[in-house]
Amino acid sequence: MASVTFDKATRLYPGGTRPAVDQIELTVKDGEFLVLVGPSGCGKTTTLRMLAGLEEVNEGRILIGDRDVTAVPPKDRDIAMVFQNYALYPHMTVAENMGFALKIAGIHKTERAARVLEAAKLLDLEPYLDRKPKALSGGQRQRVAMGRAIVRKPEVFLMDEPLSNLDAKLRVATRTQIASLQRRLGVTTVYVTHDQVEAMTMGDRVAVLKDGLLQQVDTPRALYERPANVFVAGFIGSPAMNLMKLKIVAGGVQFGNTTIKVDSAVLGKTKDKQVTVGLRPEDLIVTKNEGIAVHVNIVEELGADAFLYGTAEIEGEKVDVIARVGSKSSLRLGDKVYLKPQGGITHIFDIASGLRLNNDAPKAAKAVADKPAAKKPAAKKAAPKAAAKPVVKKAAPKAAAKPAVKKAAPKK
């Protein structure tokens, strides 16, 4: 296994004026599952193909482990790639498809069969080893493509939107299997998708790209709770975050007929009279007459949840608003309601740059960080007690509980 490093790697296609991937700096840790996500045309697949050796690197370099592979041919990079289209040989059985790369590499037939069987057990493909691809479902074909990559035992797995051809239900089941399998194998994996829900549920870390530029790399939870800029805030989360341009007033920002409290130190970071405020749908609640007035366009019923989609007028502009209202809500098309924040995390962004202004850590993250700190002192105290035992010659069992008294005895 190995880490992967993009060191200011750039790809500019011939005749292009703007790089498809612009000086990307990114490190994938050994054994990590990293997801590249972003809208169509953002450069995520190009980044993956650069790592695979299928695209030229015009500037910068790419390393697998400590080895610079920028100019190394794809066959010598020790990577295995799973494509969006399964790329299976229709005339070969499942076993032959999975073992074909090993056959080309000159691996003995016995070892080849053993590796194929091992991968088939991992992927629940044992009953289908003698079938041809046409006799398999979409999900089974995708698992065969994954099995072909697994048998090679590469240093790095590359996956380019492998679930795009599956139906919604099968995608959910298969993405769980892929994530679970990667944890068991412990192979460094770079996974490309345009589906942010897929990225958030599968990746150890997620890298968000836009127009060839890396916007933010962090854990799914950190991306959700502390997006670095307006683009990440609007892209991560389903339904999307509400982004509103609000006027700065004394004590915070104007939100309809109420004020959202914002620290003056945060608002002092911008020279504009407005800021972009981000509010998740779950942060808004329905009130009688506080907050902003919203005209209901539709209520989306999802069984356990329901979401209100409406329109509000803020600073003379019409703004789309989404709020979670609960499955028992009686709201209907054409209703008028008031919405206001119910606490939670408020995201403040600069109007001009789009960058985040409040860099406060989420409460949940702070709580997790405090727990290890409380345990460390106890571990340090235990060590001196164990070390003090050899010094005591008499009444060791009784004196073991009083290390301070024992240390004083030799001084006398």
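**Note on a predicted model: backbone, rings and a helix pair**

1. Ala 87 belongs to the loop between strand S6 (79–82) and helix H2 (94–104). Please check its backbone. Phi of Ala 87 is positive, about 55 degrees, although the residue is not a glycine. Keep in mind that this is a predicted model.

2. Why is a positive phi worth a remark? Most residues other than glycine have a negative phi. Asp 211 is another case: its phi is near 50 degrees, a positive value, and it is a residue other than glycine. Look for Asp 211 in the loop between strand S9 (205–210) and strand S10 (213–218). Is Asp 211 buried or partly exposed? Its relative accessibility is 42%, so Asp 211 counts as partly exposed.

3. Next, a peptide bond. Most peptide bonds are trans. The bond that joins Ser 238 and Pro 239 is cis, with omega at about -5 degrees. Pro 239 sits in the loop between H8 and strand S11 (242–249).

4. Now the aromatic rings. How many aromatic pairs does a search of the whole structure find? The search finds three. One of them joins Phe 33 and Tyr 191, with 5.7 Å from centre to centre and 35 degrees between the planes. Phe 33 lies in strand S3 (residues 33–37) and Tyr 191 in strand S8 (residues 188–193). The two residues are 158 residues apart, and their pair links distant parts of the chain.

5. The cut-off for buried is under 20%.

6. Phe 231 and Phe 235 form another aromatic pair. Their ring centres are 5.6 Å apart, and the planes are 20 degrees apart. That angle is under 30 degrees, so the pair counts as stacked. Both residues lie in helix H8 (residues 230–235). They are four residues apart, which is about one turn of the helix. Phe 235 has 16% relative accessibility, so it counts as buried.

7. Turn to a helix pair. Two packed helices are described by the angle between their axes and the distance between the axes. Take helix H4 (residues 138–150) and helix H5 (residues 168–185): their axes come within 11 Å and cross at roughly 20 degrees. H4 is therefore roughly parallel to H5, since the limit for that label is under 35 degrees. The crossing of H4 past H5 is right-handed.

8. Which residues of H4 and H5 meet? H4 brings Gly 138, Gly 139, Arg 143, Met 146 and Ile 150. H5 brings Leu 170, Gln 177, Ile 178, Leu 181 and Leu 185. By class, this contact has six nonpolar, three polar and one charged residues.

9. Finally, the whole chain. Its secondary structure comes to twelve helices and 20 strands. Of the 412 residues in the chain, 44% are buried. Consider contacts with a separation of 6 or more: 65% of them are between residues 24 or more positions apart.

Key
Residues numbered from 1 in each chain as written. Predicted model: local features only at pLDDT ≥ 70, side-chain atom pairs only at ≥ 80, totals over all residues. Heavy atoms only, no water. Axes fitted to C-alpha atoms, helices over the stretch in contact; angles between N-to-C directions. Parallel < 35°, antiparallel > 145°, perpendicular 65-115°, else oblique. Left-handed = near helix turned anticlockwise from the far one by under 90°. Contact = heavy atoms within 4.5 Å. Nonpolar A, V, L, I, M, F, W, Y, C, P; charged D, E, K, R; others polar. Phe/Tyr/Trp six-rings, centres within 6.5 Å; stacked < 30°, edge-to-face > 60°. Buried < 20%, exposed > 50% of the residue type's maximum accessible area, 1.4 Å probe, protein only.
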